[in-house]
Protein chains: 2
Amino acid sequence: PPGVWILSEEIRDIGDLGARDLSGRQPDTTNSCRRTEPLPLPDGPVSILHFPRNSPTHTQLSSPALCRGPRTLQARTVIQQCSQAKVKIRPALDGAEAQWAEIQEGMVVYVCFSREATENITDEIANTLMTTKLFRKDTRHWASVLELPGSVLLVPQDSLLGEPVPKRKMQFKGGCEPWWGAQLFSNLVSTCRELLQGSVKCTRAGVKVEQGVYGQKQEMVLSCAEPLTVLLEF
Amino acid sequence: PPGVWILSEEIRDIGDLGARDLSGRQPDTTNSCRRTEPLPLPDGPVSILHFPRNSPTHTQLSSPALCRGPRTLQARTVIQQCSQAKVKIRPALDGAEAQWAEIQEGMVVYVCFSREATENITDEIANTLMTTKLFRKDTRHWASVLELPGSVLLVPQDSLLGEPVPKRKMQFKGGCEPWWGAQLFSNLVSTCRELLQGSVKCTRAGVKVEQGVYGQKQEMVLSCAEPLTVLLEF
């Protein structure tokens with residue numbers, strides 16, 4: 001019978017409106033793919049299936065719409081193509097020069113983990129970031145950062161979970177705890193590096209994965225031949 | 001009785017999977033806020049209401065969850081705080097120097113309109129962009145671009161509607177037709193300018209609204225004291 005898949009994100013949003021105390025809550029690392037149950041509908045003309053907007057595992061399924069339910073938002077990323085980008089990771093102090101993490105041709109990835117983020121999400125993100133054909137080579141051909149080959153600059157960006165609330169304010173809730181976010185971010189960087197090192201093309205080209213730092217003011221400069229911004233959710 | 005609000009976005013997604021021919025379709029400028037009907041549910045323990053994630057009109061309603069249905073995505077914006085940003089709007093040609101649209105302190109806004117975008121959405125976007133407290137002044141205080149006062153650089157960015165599809169490809173469908181997107185973008189720039197000119201603080205500070213151009217390679221440079229990226233959907 002047709003069923004309505006209740007978006008787990010909606011449930012999370014409703015939860016946000018209540019006064020849930022999450023302090024001291026340990027992240028759940030066992031359930032990487034929380035699914036809600038389909039809700040049976042009465043006989044009627046309407047049959048709705050939710051196709052997850054960003055589902056990198058689509059390729060593994062012959063009939064994804066039928067076997068996958070919607071998933072909770074675990075991470076949000078904004079990707080920008082760049083010809084050069086750098087982020088200050090250590091300010092000029094005690095006579096020493098400031099230190100920058102810098103890349104040339106490639107992409108900057110702003111990353112934010114939600115409170116639902118589990119350990120294995122980082123593999124999925126890394127895999128998607130490195131192998132999805134995000135870059136326009138010409139009008140008809142697109143390439144992944146591994147195919148280019150290009151570098152990657154990962155920047156923690158908790159503001160990506162911000163939402164407008166009344167009185168023209170923004171609310172930055174729903175992010176995971178900083179210690180866990182820092183851990184996930186670190187795992188993500190490692191996995192991206194492994195994927196890069198596994199590519200002969202990339203090793204030869206000498207491209208790299210660089211990173212910004214959590215909880216620190218990060219001065220930043222980005223230049224690109226053409227802005228190309230993509231939103232990917234996990 | 002409790003009802004399930006079917007996300008109109010889901011319906012749009014399903015439409016995307018079919019072979020809808022949209023060529024020659026005129027944009028619908030009469031229906032700015034398409035709502036789907038609530039679907040009655042059988043008696044049961046589950047009652048779901050969808051709270052729109054980004055709804056700038058929340059403030060006008062005493063009980064938004066009860067009187068508002070979900071809305072179709074009309075536009076997606078990614079906003080980045082900047083200390084300086086510029087986009088090349090005319091390349092160096094025939095001995096003349098290249099021309100840049102440039103701002104200092106303020107924000108860069110990447111904008112993309114969906115095929116559901118209607119004429120009056122630009123007022124809502126402009127109003128939200130200019131008056132929402134998006135900027136961190138210090139750890140506890142946030143300000144809008146009008147309050148700062150800051151400048152705005154609007155950049156057309158159709159890639160924002162990109163979605164991953166099988167075989168590691170991206171699909172850039174769902175955007176409105178270029179002529180209509182260019183028109184909406186132009187309206188958005190005008191409305192932002194009007195709001196800026198209506199602010200004594202901004203007029204005195206000499207801040208401005210600049211813009212990139214549609215359908216042209218736009219070289220770009222952005223620098224910021226601290227990256228702050230926000231996603232706003234309309």
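Visitor: Over which residues of chain A does pLDDT stay under 50, and how many contacts beyond four places in sequence does the model have for them?
Guide: Residues 1–69 of chain A stay under 50, and the model has 136 such contacts for them. pLDDT is the predictor's confidence in each residue, from 0 to 100. A contact means heavy atoms within 4.5 Å. This is a predicted model: local features need pLDDT of at least 70, side-chain atom pairs count only at pLDDT 80 or more, and totals for chains, interfaces and linings use all residues. Residues are numbered from 1 along each chain as its sequence is written, chains are lettered from A and ligands numbered from 1 in the order in which they are written, and side-chain values use heavy atoms, with hydrogens and water left out.

Visitor: What is the mean pLDDT of chain A?
Guide: The mean is 78, and 70% of the residues of chain A reach 70 or more.

Visitor: Why is A:Thr128 called buried?
Guide: Buried means under 20% relative accessible area, exposed means over 50%, and partly exposed is in between (1.4 Å probe, protein chains only). A:Thr128 has 1%, so it counts as buried.

Visitor: Where is A:Thr128 found?
Guide: In helix α3 of chain A, residues 121–131. Helices (H or I, at least four residues) and strands (E, at least two) are DSSP runs, numbered from the N terminus. The C-alpha of A:Thr128 is 9.1 Å from that of A:Leu232, 104 residues away along the chain.

Visitor: What makes α3(A) mostly covered?
Guide: Eight of its 11 residues are buried. Among them are A:Ile121, A:Ile125, A:Thr128 and A:Leu129. The buried residues of α3(A) pack against several elements of chain A, including β3 (75–82), α4 (178–197) and β14 (229–233).

Visitor: How does chain A look as a whole: how many helices and strands are there?
Guide: Five helices and 14 strands. Of the 234 residues of chain A, 51% count as buried. Among its contacts with a separation of 6 or more, 75% join residues 24 or more positions apart.

Visitor: What is the reach of helix α4 of chain B, and what reach is expected?
Guide: The expected span is 1.5 Å times one less than the number of residues. Helix α4 (178–197) of chain B has 20 residues and reaches 28 Å from first C-alpha to last. That is close to the expected 28 Å.

Visitor: Which residues of α4(B) are buried?
Guide: They include B:Trp180, B:Leu184, B:Leu188 and B:Cys192. Their cover includes β6 (106–113), α3 (121–131) and α5 (200–205) of chain B.

Visitor: Which peptide bond of chain A is cis, with omega near -10°?
Guide: The bond from A:Leu148 to A:Pro149. A:Pro149 sits in the loop between β8 (142–143) and β9 of chain A. In chain B, the bond from B:Leu148 to B:Pro149 is cis too, with omega near -15°.

Visitor: Why is B:Asp94 called exposed?
Guide: Its relative accessible area is 81%, which passes the cut-off, so B:Asp94 is exposed. B:Asp94 lies in the loop between β4 (84–90) and β5 (99–103) of chain B. Its phi is positive, about 50°, although B:Asp94 is not a glycine.

Visitor: What about B:Lys167: buried or exposed?
Guide: B:Lys167 has 64%, so it counts as exposed. Its place is the loop between β10 (163–165) and β11 (169–171) of chain B. B:Lys167 has a positive phi of about 65° although it is not a glycine.
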